[in-house]
Amino acid sequence: MRKEIFKVLVKRCFTSILVLFLLLTFLFILLRISPGDPSLKFISPELSPKLTALVKKSFSLEDSFLTQYKTFILNLSKGEFGISYTYRVPVVQVIKRTLPFTIIFSLVSFIIQISCGFLLSLKAVKRINGITDRIISKTSLAVYAIPSFVAGVFLIYIFSEKLNVLPSSGLCSFDTESYTTIQKLFDYAQHLILPLITLSLNGIAVFFKYLRDNLEEVYNKPFVEYLRANGFTEKDIVRKHIIPNAINPLISIAGVELGLLFGGALITEVIFALPGMGRLTVNAILSRDYPLVTGCTFVAGILVILTNLCADIIKAVLDKRIAKGILN
Amino acid sequence: MKNYRLISILQLIIILLFISGCQNKSSEKSARIICAINSDLVSLNPLFAFSDNEGNISELLYASLVQHDWDDKKGDMETSPMLAKSWEWSRDSSSITINLRDDVKWSDGQQFTANDVVFTFDAYSDPLVQSKLYGTFKNFYVDSALHIDLKKTFIVKNPFGIIINFKKNSAPTFYDIDFPIIPEHVFKNIYRKDLVTAEKELKPVTDGAFSLFEWNKNQSLILKADKKSFLYKDGNVSELIFKIVPDYNSELTQLKKGEIDLMQDIKADDCTALLKINNLNIIAIKGREYDYAGWNNIDPDVYKKTKRAVPNKLFGNYEIRKALTFSINRGEIIKQFMDNHGEAADGPVSPIFKEAFNYDLQPLIYSPDSAKKLLTQAGWKDTDRNGTLKKNGREFSFTLSIPGGNPRRDFTAALIQNNLQAAGIKVIIEKLEPEVFFQKMFNRELDAWVAGWTVSIPLDLKSFWYSKLEDAPLNVVSYQNKTIDELLEKIEISQNRDEKNVLYKKLQEVIYNDNPVTFLFWDDKLIAYNTRIHNINASPLGVFHNCRNWLTVK
């Protein structure tokens, strides 16, 4: 069995590499055929066409499509994405600045989403269609319908502008050099409360909806009645039988959600001025910074593939019967 | 029981966070000013300061030979010493002898000398560096790659004395030597081509009024006044923080809350609400940015295929262009959208240039009747009474392109569409992604569009209006007029300010008659700031120019 799983994992790695390669090739073609000139903003209006061409040449965009693609693949095989046109440093360096924040921010938000969604769904299914269930279900639907830019601005208005208890943007205060580590941590936490709530609200609603429906479905299965008839306590039934049976479909959703979070949360990052991958990627697209767009896509692609793989492995560990099927 | 404990701990954490949040607000530093900017800087190196913010901030870090300030009374610039203590122009203005200050030290303790000046000119003009000023040293002796010939140009008399020789028959001014000087000892050992990437690894060694204290990428840039600098005066602002806030509404909230002290590009709609807040004030910097409706004077399809300039079938006639100008109610945009924070434009010279501005030209006021008369004279009539003008079986209709994501352009385009529809002209609005829009505009592929230009200080209109299109990349409407060419050439070589002003007035008159574009309005730049900042001398050079002289009160 172990050998088989190993084989399947190796196979999965190969297909993942192939998917990444196709993704980047597709992106390369898309970027080159899309209109827009990345060198435009670096060219002084006073330059003659001859000199303009010289500046453009320094961007290596005057080469033929095939030559550019060859260089791109060659660099990629060395793990290089080139120099960012905007930041004028290697793409890896630019991504390194924002990736740690994005990963930590996404993970914390993900934990909040999962745990709140889980706790709320447990509360709701205690009495299906009861008052608590109905209130939570309707509220979650309303929360899901609120776009994050509305939620963010609303939270800033209440907690920052009116109550003046939380900062409205940024990652930390300016005077932190005199702070102790604990104070610094509090300062970070304080700055991240509103962004985390904004980013997590939709996810909580999604996880709640999925989990509540799964729990309800499992609750209504005959084996639950059988367990009750055999004298098992409600707590044991939920903990040992209902949750493990209901949680599997949620893991797949969680894998996809985490992958998306790692790609960056553009709106939250813009509203709260946070230095994340979302802002970086969109700015790179808008300024036609081809190497940086490629680098960001690569990182996002890797993270989506990895999180999905992790989700599948967790599912396989929880239910060995479907291990091979899932991993394939 | 366990649940209750967990909930209690969570509650405690939240309360602590809120308390610490409240405490923080009282620790504001009074001599510190926080200004919002909407995107992070890429470089602090003046060689690569491509954006306005980069230019302004690098000038705070690095001093220049001379300083230019705006004289509002004259409507022109005034030159004063900075790193240059004194100077003397030769009789024919072909060279300048500069005596440098001997009391300037770089932030790493090294002495500033004339070698830094020579190195700076060399680096700026080096084709390998591709600096922001590359290719613009027209009054200097340069080689075929436009690299300054150092031997011919500079004579270093002593560490604090230098002579700069300019090209024969050129018209050099102080603007030719006004840019931040960089330290030779920091950059000389770096391969020129690598300067663009190498500077990231270096902590800026500066000699300006401020030095870099901290740069949290995508968060904030903290500058501290260099109290040893010759530019520092007691009582000046001691700390300047540029906080990056990409979202306009977040910026506004922070301004109201006092989290930031200064915000640029305020929308006219928000002015009234902001002025109601006690500690806020708003200043309007008179415009040197204008919006215009561009009419491609040549046929874009023929130009694309053959690079030949053939008059546009619709906009090639100056009377038609004038009719279009008469048809557009520009005052409505200023009143409705800009809340009167701007003024109608009728030419490419802003009224801020008081001596060069031609006050004799009567503004072209919205007049549908005059437009109708001109269009009828040109043969455009509504023959089949369907509301659209026709000539030789062709309807008067065209596509008006605008860049997306700009509400003012949306409003302007909609107003133009309505106004022209009333005049019998069909307009289809096409919204393009900004990068696509600008690429098409610079390639002269568009028929008609709405965009804006910023007029440079000092005035330089050649690249906007010169007929030789290869030499005038900003002449995107492809306007061609020999009189204008002659005037521009004369302006370029003239060294007499009064003569230049006369020529500029003539130039405005010709453009006024030809209407190569419909000039819409000069846009005031609105800045809101906390009243604890004093001595803000907001000039057309930007709010941060001279911000070292800002004062703060508690």
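# Exercises on a predicted two-chain model

Let us start with a sheet in chain B: four strands form an open sheet in the order β4-β5-β7-β6, and their pairing is antiparallel. The model is a predicted one, and the exercises below walk through parts of it.

**Exercise 1. Find which strands of chain B are the edge strands of this sheet, each pairing on one side only.**

Step 1. Look at the two ends of the order β4-β5-β7-β6 in chain B. The edge strands are β4 (84-89) and β6 (154-158).

Step 2. Check the angle between neighbours: on average, neighbouring strands of this sheet are turned by 20 degrees against each other, with direction ignored.

Step 3. Follow β6(B) to its partner. Strand β7 (residues 161-165) of chain B runs antiparallel to β6(B), and four bridges join the two. Within this pair, B:Val156 stands opposite B:Ile162.

Step 4. Helix α3 (residues 114-125) of chain B lies across β5 (95-100), β6 and β7, and runs at about 170 degrees to β6(B).

**Exercise 2. Decide whether strand β1 (residues 32-37) of chain B is mostly covered or mostly open, and find a partner for β1(B).**

Step 1. Five of the six residues of β1(B) are buried, and the strand is mostly covered.

Step 2. Strand β10 (residues 239-244) of chain B pairs with β1(B) in the parallel sense, over six bridges. B:Ala36 faces B:Lys243 of β10(B) in this pairing.

Step 3. Now bring in B:Leu262. Not counting residues up to four places away in sequence, B:Leu262 touches B:Ile33, B:Cys35, B:Ala36, B:Ile527, B:Tyr529 and B:Ile533.

**Exercise 3. Which residues touch the most other members of the largest nonpolar core?**

Step 1. This core has 126 residues, and those touching the most other members are A:Cys296, B:Cys35, B:Leu65, B:Leu83, B:Leu262 and B:Ile527.

Step 2. Helix α7 (residues 181-219) of chain A gives the most to this core, with ten residues.

Step 3. Another core, of 57 residues, lies apart from it; B:Phe396, B:Leu400, B:Tyr479 and B:Ile491 are among its members.

**Exercise 4. Work out how helices α4 (residues 91-126) and α9 (residues 234-262) of chain A pack.**

Step 1. The angle is about 145 degrees, and the axes are 9 Å apart. The crossing of α4(A) past α9(A) is right-handed.

Step 2. The contact includes A:Ser106 and A:Phe110 from α4(A), with A:Leu258 and A:Phe262 among the residues from α9(A).

Step 3. Sort the residues of this contact by type: seven are nonpolar, three polar and one charged.

**Exercise 5. Is B:Leu507 buried or exposed?**

Step 1. Locate B:Leu507 in helix α17 (residues 497-514) of chain B.

Step 2. Apply the cut-off: 20 or more other C-beta atoms within 10 Å make a residue buried. B:Leu507 has 26 such neighbours, so B:Leu507 counts as buried.

Step 3. Look for its contacts. Beyond neighbours within four places in sequence, B:Leu507 is in contact with B:Ile484 and B:Leu487.

Conventions
Residues are numbered from 1 along each chain as its sequence is written. Chains are lettered from A and ligands numbered from 1 in the order in which they are written. This is a predicted model: local features need pLDDT of at least 70, side-chain atom pairs count only at pLDDT 80 or more; totals for chains, interfaces and linings use all residues. A residue is buried if 20 or more other C-beta atoms lie within 10 Å of its own, exposed if 12 or fewer, and partly exposed in between; C-beta atoms are placed from the backbone. Two residues are in contact if their C-beta atoms, placed from the backbone, lie within 7 Å. Two strands pair if DSSP finds at least two bridges between them. Axes are lines fitted to C-alpha atoms, for helices over the stretch in contact, and angles run from 0 to 180 degrees between N-to-C directions. A crossing is left-handed if the near helix is turned anticlockwise from the far one by less than a right angle, and right-handed if clockwise. Ala, Val, Leu, Ile, Met, Phe, Trp, Tyr, Cys and Pro count as nonpolar, Asp, Glu, Lys and Arg as charged, and the others, Gly among them, as polar. A nonpolar core is a set of buried Ala, Val, Leu, Ile, Met, Phe, Trp, Tyr and Cys residues joined through C-beta atoms within 7 Å.
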